[in-house]
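This report describes charged side-chain pairs and annotated positions in one protein model. The sequence and structure are shown first.

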Amino acid sequence: MERADLVALDKQYVWHPYTAMDEYIANTDPLVVVRAEGPYLHDADGTRYLDANGSWWVSTLGHRHPRLVRALTEQAGTFPHTSLAGVTHEPAARLAQELIALAPGAGREDVPAGERLSRVFYSDNGSTAVEVAIKMAAQYWAQNGRPRRTRFITLSGAFHGETIGSTSVGGVQLFRDIFGPLLFDVVHVPSPAEPEGWERAFARVEAALREHPDEIAAVILEPVIQGAAGMQVYAPGFVRAVREATRAVDTFLIADEVFTGLGRTGARFACDLAGVVPDLLCLAKALSGGLMPFAATLATERVFAGFGGGRERALYYGHSYCGNPLGAAVAREVLAVYRDEDVLGQVVRKAPKVKAAFERMAATIPGVKQPRAIGMVGAVDLGGGGYLARGGWRVYEAARRRGLYLRPLGDTVYVAPALNIPDAALDELLAGVEASLREVAAGRA
C-alpha cells in the first residue's frame, strides 16, 4: 500500500492517543513507520528519524534488539500464552526471582525481612501496575485493622496512568478534571520540583500524615523525576524524608518507577538514589524493552502476608495476560542485556554529555530556560504555557526536518532516548535539538 493510502486509511479509522483529532485529520502528516532498528525509525517515504523519546519511554535498549527478538521468537515457538490462574511457567517464576534480586534494598542487612520487596504481581502496563498497588494498599488496611485508610497523598503534576484509580492519584489537572465525578478523593500536595523547594512539599506531606494518620493508605511518588509534568527533577532527599514520615505513622510508600525504573536516572531504580525501599514498586515500559505490553508490581513480605488467612482475604484482581510467557521471557532477556552490555555504566558515562548540552542550550539560546537533566533525560522550557502550549511543537517541526522524532510536553522540549544509544547518534540527537531550538528562537526574534 502506498504511503498516502495508509495515511488516508489511518485518518478515516484510527483514534490516536493524546491527540486533537480534528487538527490531526486536517493538518498532520504523520510518520508512517515501516521499520525500526536501534535508535532509529524509518518512514515509508525513506526518511530515517532518530527516536528521541524511545517511543514513549519504552525502548530503553533501542528498537528490535536482536537478543530480545530472539527471546520473543523462541518463547512463541514453545507456548505463547497461558493464564497465571492456578498455573505457572518458567519465564514468570524465574523473572520474579530476578526482579526481587535486583529490587531496592536487596541484600541490605539493615532492611528487616518483612520490609524487603519479596513478591511480584504481574499485569500488562504501567497504569495497571499502579492500579494494582492502589488496590493492594487499600485492601491491606481494610482487612488488617485500619478500614478508614482509603485516601492517598499525591503530588501536584503527578502522572500515574490512565485507569480511574491511577487517574485519581494523578496531579495533571488537564488529564483528570473532566473525570472529576468518577475519581476518589486524594490529598494533593505541592511538587517537590517547584521553586519553593522540596522542604515546602515535604512539610505538606508530613502535615497531612500527622493530621489524618488513620485515613492515609499510602503516599505515591514518581521518585526523583516527574515525567509527564515536564521532566521535573527533584532531590532524592524528598523521597527519603517521605519514607521516614510514612514509617512514623506506619503507612505505605508506593514508588511509581514505570518511567524511572531500570536505569533511566543512572541508577537501577530511582529509589536507589535515595537509599529507600518502598512498600510497593511499580514497573513497566523498560521492563519489556518495547516489545510487549508487560508490567509488574513488587510488594514487601508484610503487604503480601496481609492477604493470608482465608479465601475472602485474597487479592481478587488480575488480567488475562497477567505474567504472559512472551512478556516474561522478553523481560528476562532485558535484564540479561542490562548485565551483559553494562547498560547502567553506559548511562553514567553518557549522562554528563546530556546535562552539558541542555545547560549550553539554555545559556546561549534566547527564550530557552530551566535546563535540567538526570541520567539519560534532558529538558528545557520555552515558556510557562503548560501541556497545551504550542512552543514545543514548533521545535518538533524543526527537529523533524532534521530527521529527529522529538515529541514535546507542551512548552517542554526533552530527550529520553534509548539508554544504549551509540555515542555518534547521541551527538547527532543533541546537536539536532540545539539547532532546532535555535531555528525556532530566531523565528520568534
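E90 and R94 form a salt bridge whose closest N and O atoms are 2.9 Å apart; the term denotes a side-chain nitrogen of Lys or Arg within 4 Å of a carboxyl oxygen of Asp or Glu. The two residues lie four places apart in helix α5 (residues 90-102), which means that about one helical turn separates them. Helices (H or I, at least four residues) and strands (E, at least two) are DSSP runs numbered from the N terminus. E90 is partly exposed at 49% relative accessibility, and R94 is partly exposed at 36%. Here, buried means under 20% relative accessible area, exposed over 50%, and partly exposed in between (1.4 Å probe, protein chains only).

The model is predicted: local features need pLDDT of at least 70, side-chain atom pairs count only at pLDDT 80 or more, and totals for chains, interfaces and linings use all residues. Residues are numbered from 1 along each chain as its sequence is written, and side-chain values use heavy atoms, with hydrogens and water left out.

**Salt bridges**

| Pair | N to O distance |
|---|---|
| E90, R94 | 2.9 Å |
| R35, E37 | 3.3 Å |
| R247, E244 | 3.9 Å |

R35 has a relative accessible area of 39% and is partly exposed; E37 is likewise partly exposed, at 39%. R247 and E244 are three residues apart in helix α10 (residues 236-249), about one helical turn. A network of salt bridges links R3, D29, D43 and R400.

**Annotated positions**

An unreviewed UniProt entry lists W56, K285, G318 and R407 under "binding site". These positions span 352 residues in sequence, and their farthest two C-alpha atoms are 32.7 Å apart, so they do not all gather at one spot. UniProt positions follow the numbering used here, feature names are shortened, and annotations may be inferred rather than shown by experiment.

K285 sits in the loop between β11 (280-283) and β12 (295-300) and is partly exposed at 24%. Beyond neighbours within four places in sequence, the contacts of K285 (heavy atoms within 4.5 Å) include W56, W57 and F259. A polar atom of the K285 side chain lies 3.5 Å from the backbone oxygen of W56.

R407 occupies the loop between β15 (404-405) and β16 (412-415) and is buried, at 16% relative accessibility. Leaving aside neighbours within four places in sequence, R407 contacts residues including Y18, W56 and Y414. The R407 side chain reaches the backbone oxygen of Y18 at 3.4 Å.

Conventions: Polar contact = N/O pair within 3.5 Å; in protein donor to acceptor, adjacent residues only side chain to side chain.
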